[in-house]
There are 2 protein chains.
Amino acid sequence: MRIALDGMGGDFAPQATVQGAVEAVREYGYHVTLVGQPKLLETQLADLRFRKSLIDIAPATETVGMGESALMIRHKKDSSICVGMELIKQGRVNAFVSCGNTGAVVAAATLNLKPLPGVKRPGIAILLPTLKGVTLVIDVGATIDAKPEHLLQYAVMGVVYSKHILKKPRPTVSLLNIGEEATKGTSLLREAYQVLKESSLDFTGNIEGRDIFSGRADVIVCDGFIGNVVLKVCESLAETTVEFCMRELKRSLLTRVGALLCRPALTSLAREVDYSECGGAPLLGIDGICIIGHGASKPKAIKNALGVAGHFVRYKVNDHIVHEIESIKADTHEV
Amino acid sequence: MRIALDGMGGDFAPQATVQGAVEAVREYGYHVTLVGQPKLLETQLADLRFRKSLIDIAPATETVGMGESALMIRHKKDSSICVGMELIKQGRVNAFVSCGNTGAVVAAATLNLKPLPGVKRPGIAILLPTLKGVTLVIDVGATIDAKPEHLLQYAVMGVVYSKHILKKPRPTVSLLNIGEEATKGTSLLREAYQVLKESSLDFTGNIEGRDIFSGRADVIVCDGFIGNVVLKVCESLAETTVEFCMRELKRSLLTRVGALLCRPALTSLAREVDYSECGGAPLLGIDGICIIGHGASKPKAIKNALGVAGHFVRYKVNDHIVHEIESIKADTHEV
């Protein structure tokens, strides 16, 4: 098993990426290929005094910045993101993990790698912590004009991922909408509701925004536009809440003492809510394994993302996706 | 000034509604008309031992439940929501406040009341607490297939409300999107971007979900579908965070003590974040004043919503909306 890691991607690269790679090698015994500027990566590796036999470097002279347009990958063919995709394409690695510019990773993947047989559109899945375990939401930004058929395929891919990576025996599927009735929402959603209902999936109907964090659904399907907005709002609200809290708690000595006492609990909470702990967001539906980590990933989150990539390879998730997409297509034709 | 209050609407009605009405009368000196089942409302009023001269009751025999379909208002003509709208229509009250079924209130308002001259679609505005004061988001669910022109009108109405009720001298407008560049998002959003840019509004461009709570924008414009999902996700995430916190804090004696010490700060935080404190969500663009309170409103939130309704009347917000919609139309024709 050999997994490539974008050594230059993320807010804390290359320190965090190299550290994460080293931790992953120690924990899982995978071979990791760091993609990026050799001198920078080698310096980091040397600092960690790590024997290099399980880590090698694939040189890439360019970097796509976190704030750059995704389309920059057309001009930066020698960026760590493009080189990583090339490694997958040539079969030199089993998977690629990047905590870099999400849009650029998705664009590079869709430009360089084919979709899996039968898959119309790739989808980015993320894992949200809920009161009852983890919920998978797909798509959070790969496609912004999804059709009902695409939403059905997202559901299938989300179910396969939940079964094989999250080990849920029979994941339920819900459709993100503004009301529970089948007649709610846009015409896209009303049609998607029918398509999902007629499928062989365990479709439980529409789910409202208020129920996302209830853990009622294992897989929540939505268009990439709405999914992306929801994802970013959640991140922002979580950060704002923490900032509000800190501001309030600093106001008096008593609350400062209180905050100190609460710290262990709140740290454990932050860990539970921090979705980077879940190991990154897989791009599902492409012929290659690509995991997108959060830009703010620390070494542990990067190690976890490499761990998920390994599971993805080992449990042949893509083979299962191809098989399930094929069988749902057969079902639909029967109807 | 006479304001009607849906006595039967909300999770804690009629106790909370009657109590809120009494508090509003005491604080603002308005005349309040409670709409609902007379016996129930009278019993509550009697319990409060309040002299009735400033509160009267408009009888309505039916109630639309919080979980019922909005379309029930077609069958329940004598519901508190429909009777309240009728009171506005007949000019017997200056405004109507309801903490009942939001969908039913919007449906009843659009069926019974005309749009303001020049307004194509009404929009529900909500106020979100941010790190820098309050941000108004419109529309959060009145219309799910908005056109660029509707989004422009939402912006105009949001600006008028921010100026006259929130007392912001020159409110900025942003468009909710998945990226800052003008080329981002759906074709609706790309078109709306241009329309807003060419208008006389202080348009600052696209805003991403992650920046909603930064307070960067005074008015955020979006389609009712996305706005509704975002609103409900925010509510849900805030509740989930609190539940996570309580679960964690109960785990040890130390953290329980810490939690006690932090309580004053967290209560003040909850107040700041609780948008019911902001006084309810106005339905903008209809010929009549209609404020929708949160279903979980306690008496204080209801009193605040009645207070906002009073300001709405006093500052002639609807006259300003008509005037601004007219002048932006003239601008657009010039272009």
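In which sense do strand 2 and strand 3 of chain B pair? The views below start from there. This is a predicted model, where local features need pLDDT of at least 70, side-chain atom pairs count only at pLDDT 80 or more, and totals for chains, interfaces and linings use all residues. Residues are numbered from 1 along each chain as its sequence is written, chains are lettered from A and ligands numbered from 1 in the order in which they are written, and side-chain values use heavy atoms, with hydrogens and water left out.

**View 1. Strand 2 and strand 3 of chain B pair in the parallel sense.** Strand 2 covers residues 31–36, and five bridges join it to strand 3. Here B:L34 has B:I57 of strand 3 as its bridge partner. Strands are DSSP runs of E with at least two residues, helices are runs of H or I with at least four, and both are numbered from the N terminus. Two strands pair if DSSP finds at least two bridges between them.

**View 2. Eleven strands of chain B make an open sheet with mixed pairing.** The order to follow is 3-2-1-4-11-10-5-6-9-7-8. Strand 3 (55–59) and strand 8 (202–208) of chain B each have a single partner strand, so one side of each has no neighbour in the sheet. On average, neighbouring strands of this sheet are turned by 30° against each other, direction ignored. Axes are lines fitted to C-alpha atoms, for helices over the stretch in contact, and angles run from 0 to 180 degrees between N-to-C directions.

**View 3. Helix 5 (residues 148–164) of chain B lies across several strands.** Among them are strand 5 (123–130) and strand 6 (133–138) of chain B. The helix runs at about 160° to strand 9 (219–221) of chain B. Contact means heavy atoms within 4.5 Å.

**View 4. A:Y193 and A:F203 form an edge-to-face aromatic pair.** Their ring centres are 5.2 Å apart, with 80° between the planes. Rings of Phe, Tyr and Trp (its six-membered ring) pair if their centres lie within 6.5 Å; planes under 30 degrees apart count as stacked, over 60 as edge-to-face and the rest as tilted. A:Y193 belongs to helix 6 of chain A and A:F203 to strand 8 of chain A.

**View 5. B:K167 lies over the face of B:Y315.** The distance to the ring centre is 3.6 Å. A charge sits over a ring if NZ of Lys or CZ of Arg is within 6 Å of the ring centre and within 35 degrees of the ring normal.
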